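Hi everyone, thanks for making time this morning. I'd like to walk you through one model, so please have a look at it before I start talking.

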Amino acid sequence: MIVVIAFATFISTLVGGLCALRFKDKLHLVLGFSAGAVIGVAFFDLIPESLELGNKFYSYGAIMTFVAIGFVIYLILDRIIFLHNHSEGRSILGVGSLSFHSFLDGVAIGLAFQVSTAIGAIVAVAVLVHDFSDGINTVNLILRNNGESNRAFKWLIIDAVAPVLGVVLTLFFTVPEQALAIVLALFSGFFLYIGASDLIPESHHAHPKFLTTIMTLVGVAVLYIAIKLAGI
């Protein structure tokens with residue numbers, strides 16, 4: 001069962017990225033959707049998960065502080081460290097973050113199945129839904145920063161393999177909840193910055209703002225509905 005789900009995460013991510021490559025002439029609309037999806041993942045999935053995992057060890061305020069720290073860390077990396085090589089640095093940092101997030105998705109699936117099959121199935125559904133968006137976001141971050149399609153596809157494969165590796169890893173040891181909660185909170189801050197400061201402005205650049213705004217709202221709504229349905 002868990003092997004089939006691990007393979008499904010690979011397919012979901014791959015299909016999302018291939019869709020982004022196929023329709024790159026409509027990239028501003030896909031970027032608008034991706035911005036909403038990235039923000040939706042942070043608000044409706046990563047932050048709630050970090051709060052739920054960490055409430056035994058930290059206050060809500062402490063966990064949200066880690067979210068803010070993640071945002072500030074990405075701000076510093078984006079504005080200062082990669083100032084002179086902005087496009088390449090941002091894209092590598094962004095897709096690296098998304099790939100690590102996908103890896104944690106796989107870890108979450110594996111750990112959930114260690115608790116029970118029912119909980120594992122619910123987590124798996126949520127992961128499959130936004131792995132599709134992760135594939136889109138991975139390709140978009142490369143193309144957005146003047147990367148070539150071949151390079152985007154290579155990163156897409158890395159992102160697609162990441163959750164499979166995460167699932168396999170949980171067969172060997174368990175990740176402490178208190179550590180995972182902090183990691184999820186930090187990456188929530190990363191994704192909020194990517195969505196708000198990178199994808200949203202770029203989707204509006206030289207394109208009609210109405211359609212891209214609608215796509216951003218659709219991205220947020222789709223992730224919200226999907227995650228809520230997965231939790232039923």
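When I say two residues are in contact, I mean that they have heavy atoms within 4.5 Å of each other. And please keep in mind that this is a predicted model.

Which residues does S188 touch, once we leave aside its neighbours within four places in sequence? They are A42, L46, I47 and V67. S188 is buried, with a relative accessible area of 0%.

Now the overall picture. Of its 232 residues, 48% count as buried. If you take the contacts between residues at least 6 apart in sequence, 84% of them join residues at least 24 apart. The chain exposes about 10600 Å², and carbon and sulfur atoms supply 74% of that.

On to the aromatics. A search of the whole structure finds eleven aromatic pairs. Take F7 and F10: their ring centres are 6.4 Å apart and their planes are at 20 degrees, so this pair is stacked. Planes under 30 degrees apart count as stacked. Both residues lie in helix 1, residues 2–22, three residues apart, which is about one turn of the helix. As a reminder, an α-helix has 3.6 residues a turn, so residues three or four places apart point the same way. F7 is exposed, at a relative accessible area of 54%.

Compare that with F187 and F191, an aromatic pair that is tilted, at 6.2 Å centre to centre and 55 degrees between the planes. Because they are four residues apart in helix 7, about one helical turn separates F187 and F191. Are they buried or exposed? F187 is buried, with a relative accessible area of 13%, and F191 counts as buried too, at 1%. Both belong to one aromatic cluster, formed by F71, Y74, F100, F103, F187, F190, F191 and Y193.

Next, have a look at helix 6, residues 149–169. At 1.5 Å a residue, its 21 residues should span 30 Å, and the end C-alpha atoms are 30 Å apart, so the two agree. Several of its residues are buried, among them W155, L156, D159 and P163.

Follow the chain onward and you reach V175, in the loop between helix 6 and helix 7. How far apart are V175 and V107 in space, C-alpha to C-alpha? They are 8.1 Å apart, although 68 residues separate them in sequence. V175 is in contact with V107, and also with L111 and L180, again leaving aside neighbours within four places in sequence.

Last stop, the surface. F210 is in helix 8, residues 209–230, and it counts as exposed because its relative accessibility is 63%, where exposed means over 50%. F210 is also part of a nonpolar surface patch of about 540 Å², which it makes with L211, I214, L217, V218 and V222.

That's my tour, and I'm happy to take questions.

Definitions and conventions. Residues numbered from 1 in each chain as written. Predicted model: local features only at pLDDT ≥ 70, side-chain atom pairs only at ≥ 80, totals over all residues. Heavy atoms only, no water. Patch = residues over 30% accessible without salt bridge, like charges linked within 9 Å, V, L, I, M, F, W, Y side chains within 5 Å. Areas by Shrake-Rupley, 256 points an atom, 1.4 Å probe, with all protein chains shown as cover. Salt bridge = Lys/Arg side-chain N within 4 Å of Asp/Glu carboxyl O. Helix = DSSP H or I, 4+ residues; strand = E, 2+ residues; numbered from the N terminus. Buried < 20%, exposed > 50% of the residue type's maximum accessible area, 1.4 Å probe, protein only. Phe/Tyr/Trp six-rings, centres within 6.5 Å; stacked < 30°, edge-to-face > 60°. Expected span 1.5 Å × (residues − 1).
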